Amino acid sequence: MNLKDISSKFPRRQVLKTALTFVTGLTTTSLLSFVITKSTKPAQAIVVQRPNEFELEGKDTKIKYSIINGVPQLDYKTQKISEHFSGDQIQTLATDIGTLLTIIISRPINPDLGGNIVKLSLLIPIINLAIGTRETPVQTEAILTTQRTSGFIRTPLFGQLQSYQTIVLTGTARYR
């Protein structure tokens with residue numbers, strides 16, 4: 001059955017049309033149309049902007065993530081490390097729970113011998129800012145992953161090869 005098969009006089013036709021739009025994801029305002037009852041007021045466009053800069057802190061860690069001219073930039077600072085990452089050094093993965101950014105903080109000095117690879121994965125939540133609003137508080141998490149490697153010597157490693165440390169981060173998300 002198609003929507004066009006349902007008479008326009010059928011009282012639930014608009015609800016069905018909106019629900020189909022919501023399920024198929026054809027428009028970004030469909031969710032609001034589905035939740036809010038219809039009124040006689042003229043429709044208004046709902047416009048939002050996404051933050052493109054995040055300043056975050058937690059547990060002796062500072063992270064600044066921004067997108068400048070379409071290129072991701074990430075500054076990572078702790079008491080021992082101060083590193084800048086840009087472009088392809090930042091792996092980006094869109095997920096249902098936000099955007100997951102991953103950087104490699106350190107590698108073994110001699111990969112032939114193996115050692116630890118340390119990665120930081122930062123979860124950037126989906127945030128909508130109303131037009132005219134430039135910033136909002138944000139709370140998220142990062143995960144430090146330490147992975148043991150055997151290198152090219154091919155000595156087998158046994159047991160758990162990855163360990164994790166979570167970092168709760170708070171800060172500000174901005175649109176610039």
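In strand β4, the residue that forms the bridge partner of I68 is V71. This pair belongs to a predicted model, in which β3 and β4 (residues 71-77) run antiparallel and are joined by seven bridges.

Strand β3 spans residues 61-68 and includes S66. With a relative accessible area of 7%, S66 is buried, because its value falls under the 20% limit applied to that class. Leaving aside residues up to four places away in sequence, the contacts of S66 are N52, E53, V71, P72 and Q73. One of these, V71, is also the bridge partner of I68 in β4.

Nine strands make up an open sheet with antiparallel pairing, in the order β5-β4-β3-β2-β11-β10-β8-β7-β6. The edges of this sheet are β5 (82-86) and β6 (91-95), each of which pairs on one side only. From one strand to the next, the twist averages 20°.

Further along the sheet order, strand β8 (residues 115-124) pairs with two strands, β7 and β10. Strand β7 (residues 98-106) runs antiparallel to β8, and seven bridges connect the two. Within β8, K119 is the residue that stands opposite I104. Strand β10 (residues 135-149) is likewise antiparallel to β8, and eight bridges join this pair. Here N116 has R148 of β10 as its bridge partner.

At the level of the whole chain, the secondary structure consists of two helices and 11 strands.

Of its 176 residues, 28% count as buried, and S66 is one of the buried residues. Among contacts between residues at least 6 apart in sequence, 47% join residues that are at least 24 apart. The protein chain exposes about 12,600 Å², of which carbon and sulfur atoms supply 55%.

Methods. Residues are numbered from 1 along each chain as its sequence is written. This is a predicted model: local features need pLDDT of at least 70, side-chain atom pairs count only at pLDDT 80 or more; totals for chains, interfaces and linings use all residues. Side-chain values use heavy atoms; hydrogens and water are left out. Two strands pair if DSSP finds at least two bridges between them. Helices (H or I, at least four residues) and strands (E, at least two) are DSSP runs, numbered from the N terminus. Buried means under 20% relative accessible area, exposed over 50%, partly exposed in between (1.4 Å probe, protein chains only). Contact means heavy atoms within 4.5 Å. Accessible areas come from the Shrake-Rupley method with a 1.4 Å probe; for residues, only the protein chains shown count as cover. Axes are lines fitted to C-alpha atoms, for helices over the stretch in contact, and angles run from 0 to 180 degrees between N-to-C directions.
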